[in-house]
Amino acid sequence: MTKRILVVGLACVDIISVVQDYPEEDSDQRVLDYYWQRGGNAANTSCVLSLLGARSEFLGTFATDKEAEFLKEVFQKYNVVTENCVTNTDNVKTPTSIVITNSKNGSRTILHHGKNWPEIKPEHFKKLDLTQYKWIHFEGRPSCDDIKDMLLWIDEYNKTVDKDARIRTSLEIEKTTRIGLDNLFDTADTIFVSKDYVKSRGYKTKEEGVQKLYAKCREGSEIICPWGEEGAVAVGTDGMLHSSPAFPPKLSPGQNMETLAAGDTFNAAFILLRSKGQSLNEALTFGCQVAGAKCGMKGIDGLDSFKS
């Protein structure tokens, strides 16, 4: 049986309001559209992986409220395995993001609530049967020490199996204020760094960012930086710079790009191809193609056209 790709991190509910104009403070207006959808980087990535044809599993925590039931139904719809998730019976609420989308320019403003949200702990992760997986991806959550512990556990497992059975690992470093993530560059085989992170560390371009940050990565790894409308760049195991242009969608008159989850889509597409043994350049290009297509549609359902 084909091994799974496991994605570890957050699942939340995005409550999206599409507005004609971004509202002024203390004002009142009707919205053009309103809907719930699955949110959270790891949740988005796991669902896109499944749409693209991977056997995908999400590992995170659930509350016991109606929002959690909504998320479980979404994962079931996308055939994403959640059998190893933890259900928290404490008095916690499913994290939510209020998303205000401006219909005129496509901008999105996100107000997130995840107070006291419990993350996956190493003691739970270490109960997994690692023989089921070929790739494990971690969203860079605030629990940096726990993420490091889990990645080191995978490294120890990889020492006990043949090369062909080893699990590849990846880590997304996105948030600029999660300082503990700075110490995790050398813990995974593939590092994804965001445009915001690169700029926050004083680098002017994506090329400068990956070339300088690669020095912090471990030997034999690769570092990737998607940069929206400028495509993506990477430094591979050869130490050389690789790049792909962006592939903007064809929009109908009056249609704006929808960028929500585009970065998660890029990560999923990249991971899928690398997990199949395809080259860094092929994975970069595919990531940009799929992320570009996503920006031209509401949600992610149309991405199954890229299924291989």
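**Exercise 1.** Find which residues Phe-75 touches, not counting residues up to four places away in sequence.

Solution. Contact here means heavy atoms within 4.5 Å. By that rule, Phe-75 touches Ala-11, Ala-43, Ser-46, Cys-47, Phe-58, Phe-62, Val-80 and Thr-82. The model is predicted: local features need pLDDT of at least 70, side-chain atom pairs count only at pLDDT 80 or more, and totals for chains, interfaces and linings use all residues. Residues are numbered from 1 along each chain as its sequence is written, and side-chain values use heavy atoms, with hydrogens and water left out.

**Exercise 2.** Classify the ring pair of Phe-58 and Phe-75, and state which elements hold the two residues.

Solution. Step one is the rule: rings of Phe, Tyr and Trp (its six-membered ring) pair if their centres lie within 6.5 Å, and planes under 30 degrees apart count as stacked, over 60 as edge-to-face and the rest as tilted. The whole structure holds nine aromatic pairs. In one of them, Phe-58 and Phe-75 are 4.8 Å apart centre to centre with 15 degrees between the planes, a stacked pair. Phe-58 lies in strand 4 (residues 56-59) and Phe-75 in helix 2, so the pair ties together parts 17 residues apart in sequence.

**Exercise 3.** Explain why the pair of Phe-192 and Phe-270 is edge-to-face.

Solution. The ring centres of Phe-192 and Phe-270 are 5.5 Å apart and the planes stand at 85 degrees, so the pair is edge-to-face. Phe-192 is in strand 11 (residues 190-193) and Phe-270 in helix 7, 78 residues apart. Phe-192 counts as buried because its relative accessibility is 1%. Phe-270 counts as buried at 0%.

**Exercise 4.** Describe the largest nonpolar core and the elements that supply it.

Solution. A nonpolar core is a set of buried Ala, Val, Leu, Ile, Met, Phe, Trp, Tyr and Cys residues joined through side-chain atoms within 4.5 Å. The largest has 44 residues, and those with the most contacts inside it are Phe-58, Phe-75, Ile-224, Phe-266, Phe-270 and Leu-284. Elements that each supply at least two residues include strand 1 (4-8), strand 2 (12-19), helix 1 (41-51), helix 2 (66-77) and helix 8 (280-294). A second, separate core of 38 residues includes Leu-171, Leu-181, Val-233 and Val-235.

**Exercise 5.** Is Asn-267 buried or exposed, and what is Asn-267 in contact with beyond its neighbours within four places in sequence?

Solution. Asn-267 belongs to helix 7 (residues 262-275). Its relative accessible area is 2%, so Asn-267 is buried. Leaving aside neighbours within four places in sequence, Asn-267 is in contact with Thr-45, His-137, Glu-172 and Phe-192.

Methods:
Helix = DSSP H or I, 4+ residues; strand = E, 2+ residues; numbered from the N terminus. Buried < 20%, exposed > 50% of the residue type's maximum accessible area, 1.4 Å probe, protein only.
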